[in-house]
Amino acid sequence: MRRLSVLAGVLCTLACARKGPSPELLAVARAPEASPSDALALGQALQAARLDAASIGPLRTAASRPGPAQAPALEALLGGQQRLDEQLLVPAFLAAHPDLVPASPELQERALLLRGLEAQRTGALEEAETALRRIPPGSPLAPRARYALGIVLSDPRRPGGPRMQAALDELQAVGGYAGGGKEGAETRALAQLALARILYGLRQDAASAAAYDRVSRDSRVWPESLFERGYPRFRSGDDGGALGTVHATRAPQLRDAFLPEARILEGTVLFHACLYPETRAVLDSFTATYRPLSERLRTLVDRRASAPEEVALVADPAQRASLGEGLGASLLAEPRIAAGLRLLQTLEAERAQLTSAGPGGPALEQLDQVRTEAEQATAQSVHARLADVSASLRDLLEQADVLRFEMTKGEKELLDADVDQRKLLASRALPPLPSGGAADERWRVDGEWWSDEIGFERATLKDGCPARKATPSVR
Amino acid sequence: MTVLGALLLVTALGAAPEPAPPADPLGGSPNVQFRVLEPKPFPDALRHELTLQPFVPQIGSTFTTHWLSSLTYTFHATEWLGLRVQPFWVWHAQRSRFSSELLSRVRQDAAAPSSVMLQWGAIAAPEWSPIRGKFTAFGGIVRYGFVLFAGAGVGGTEIELKTSDAVGPATYGSTGLRMVATGGAGFRVQLGQRWTVRLEVQDLIHWGGVSHINGCNATDLQTLDAQRTAGVITGAGVSGQCNVSAFQGSTGAGYDRSNDVSIARAKVNEGGTDTLHVVGVYLGFGVEL
């Protein structure tokens with residue numbers, strides 16, 4: 001054993017110097033299941049050869065067994081996770097081994113964050129809250145942790161019930177953290193979106209709309225926030241603002257955003273103004289677009305394809321494009337799916353490196369095992385997302401049918417009251433559009449979509465109702 | 001095609017932001033209308049803008065040619081209104097080619113009031129930006145405004161006395177301060193938070209007759225001419241404003257300045273008035289503070 005460790009150390013040094021896997025190492029290394037030390041040696045050697053993804057397997061083996069190899073294996077595993085930004089296998093491993101605690105405070109915080117996020121994902125909200133609360137506010141991981149904590153605290157499934165004010169406090173605190181690069185900006189945007197959603201849930205419509213407005217335009221979630229902010233505006237009686245912001249999601253610049261619900265909100269606003277022809281046009285267009293997609297998705301979800309097939313659905317550009325309507329792009333942008341695909345790509349590249357260096361041996365076996373797990377985890381995420389979308393589309397199509405029914409009822413009422421709506425609408429002038437302030441630029445909307453104008457659209461619409469109705473409750 | 005025309009063409013060509021999206025079910029509805037109310041990315045109100053127009057050629061001149069440089073300070077009181085103060089310096093003013101040919105071929109000189117040239121000046125004018133637009137260029141969106149302005153100021157003027165010939169270069173006499181009115185229009189392009197480019201056409205208008213040259217009126221010039229005929233220009237008996245030294249001595253090329261007296265006298269005695277336009281194309285580069 002000692003002889004093997006020394007040899008592994010020497011070969012590790014060689015691997016570092018060569019910046020590639022040593023064929024000799026791969027040949028002599030024993031299967032990591034044999035002993036934690038062997039697993040650690042193999043994992044460290046793979047990391048030295050910059051094969052972080054391949055090292056996950058042996059390092060997990062070493063870290064899961066008590067003994068002298070456990071602590072260094074855990075540290076190496078967390079180091080590799082950080083370099084890879086791996087979000088599937090290592091968090092799951094840490095959640096399954098809650099007693100493992102790294103020595104350094106930085107790695108402790110990382111382990112807590114990963115455990116907390118994994119627990120939140122799997123619905124273990126109590127564990128998630130406990131883990132996330134232990135990350136100090138001064139930690140570089142604090143923004144991510146506090147965002148996740150805000151989500152946990154606002155979750156209706158939280159044991160003891162949601163704590164909305166505490167959730168708002170955590171989410172607001174995230175906005176106070178500057179820097180952090182792209183990831184930091186994304187976390188702040190996510191927190192802002194979550195803040196807006198909670199405020200909407202608390203029926204604080206003005207504050208919610210303002211919070212939606214503050215979601216960064218550069219963030220991944222901006223298109224989502226754009227349409228969602230139509231809800232507080234609509235509920236507070238700002239039909240023009242609601243229709244304007246929802247209409248903006250038709251911009252071709254947002255073609256990669258999957259926002260079918262925006263069309264239902266658009267139809268609802270128009271229905272509320274009794275603009276039945278317009279409502280029908282929007283709903284017909286919605287159904288024509290999304291019913292075929294819903295049917296395709298239902299087949300796809302029910303068929304329960306194999307993991308490689310489900311991964312290929314997102315990874316292969318042609319298959320992804322076949323999903324249509326921005327769904328493929330939105331799947332690709334899902335952080336967990338994106339992380340899974342990234343890991344699979346890395347594993348593929350490392351596999352090529354390993355096989356080019358020699359027979360591969362146990363390292364290759366470990367890599368293939370990790371690859372299978374990563375593929376399954378990614379496929380699970382794809383499947384879960386597709387199932388969500390499929391259920392959501394079915395729900396939205398039903399909502400469209402309900403709106404159609406209500407519309408038919410409204411039209412019948414007009415007929416019963418002997419109201420000619422066309423004449424009624426012709427007799428009513430369009431209310432003036434808001435003119436804005438001195439520092440506002442006013443642009444006509446004439447079919448062109450300028451990226452800088454998206455999100456600043458306002459609408460004015462005639463009221464086609466003989467008498468005003470109460471604002472319907474939405475969401 | 002003029003520079004202005006080229007800019008308009010570029011603006012029109014660059015105005016397509018994105019390919020057309022799928023049909024919008026609300027597109028043709030008479031019951032719904034949309035408008036974009038976008039906060040100005042670079043507000044102008046209460047900001048100061050300094051624009052340097054290093055080379056301004058005169059266009060459409062008849063008897064004179066001016067090349068000048070100008071510095072424009074604009075205070076944007078609101079998003080739409082500003083006040084500009086614009087000193088300028090004419091570093092090249094001379095008889096136009098047409099006027100020179102007229103003189104050399106048919107011995108016909110332009111009337112003195114039509115030959116007065118600007119030397120320098122400063123004008124103040126309110127500025128109005130009634131129209132704004134934008135176009136795509138270099139992967140981004142460039143905003144521009146159409147600006148109109150009109151105002152007034154003062155300018156120093158001069159007139160050519162001796163034409164440029166084998167004896168030496170042309171000589172000039174000051175025709176004093178004149179009121180200058182101005183009007184112009186153009187485009188102001190904003191490049192980010194700080195930088196601006198302006199392309200404007202501006203008319204500097206001055207008018208009047210030639211009653212003094214180098215401060216000397218007709219009587220002074222008659223006196224000086226008599227002194228020159230007698231042998232020496234002493235300057236005795238002329239008014240205090242008359243700059244006698246301008247007619248004394250010789251130029252670097254050896255031209256006797258006293259010869260200018262009779263030319264100046266003839267120009268002053270011509271009488272009449274004219275309104276002169278110095279229309280220039282002002283390409284300026286500015287910074288907004």
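Residues are numbered from 1 along each chain as its sequence is written, while chains are lettered from A and ligands numbered from 1 in the order in which they are written. Because the model is predicted, local features need pLDDT of at least 70 and side-chain atom pairs count only at pLDDT 80 or more, whereas totals for chains, interfaces and linings use all residues.

**A covered helix in chain A**

Helix α15 of chain A spans residues 239–247 and is mostly covered, with 9 of its 9 residues buried (20 or more other C-beta atoms, placed from the backbone, within 10 Å of a residue's own; 12 or fewer is exposed, and in between is partly exposed). Helices (H or I, at least four residues) and strands (E, at least two) are DSSP runs numbered from the N terminus. Among the buried residues of α15(A) are A:Asp239, A:Leu243 and A:His247. The cover over them includes α13 (222–228), α14 (230–235), α16 (260–272) and β2 (457–461) of chain A, together with β1 (32–39) of chain B.

**Nonpolar cores**

A nonpolar core is a set of buried Ala, Val, Leu, Ile, Met, Phe, Trp, Tyr and Cys residues joined through C-beta atoms within 7 Å.

| Core | Residues | Named members |
|---|---|---|
| Largest core | 129 residues | A:Ala73, A:Leu77 and A:Leu195, with the most contacts inside it |
| Another core, apart from it | 34 residues | among them B:Val56, B:Phe88, B:Ile123 and B:Leu224 |

In the core of 129 residues, helix α22 of chain A (residues 361–416) supplies the largest share, 14 residues. Leaving aside residues up to four places away in sequence, A:Leu77 touches A:Ile56, A:Leu59, A:Arg60, A:Ala63 and A:Val90, where contact requires C-beta atoms, placed from the backbone, within 7 Å.

**Domains of chain B**

The assignment, automatic or from a database, divides chain B into domain 1 (40–209 + 273–289) and domain 2 (211–270), whose centres, taken over C-alpha atoms, are separated by 32 Å. Their contact takes 14 residues from domain 1 of chain B and 15 residues from domain 2 of chain B. On the side of domain 1 that touches domain 2, β7(B) gives the most, with 4 residues.

Strand β7 of chain B (residues 172–191) also holds B:Gly183, which is partly exposed because it has 17 other C-beta atoms within 10 Å. The C-alpha atom of B:Gly183 is separated by 5.6 Å from that of B:Phe149, 34 residues apart along the chain. Not counting residues up to four places away in sequence, B:Gly183 touches B:Ala150 and B:Asp203.

Note on methods: Two residues are in contact if their C-beta atoms, placed from the backbone, lie within 7 Å.
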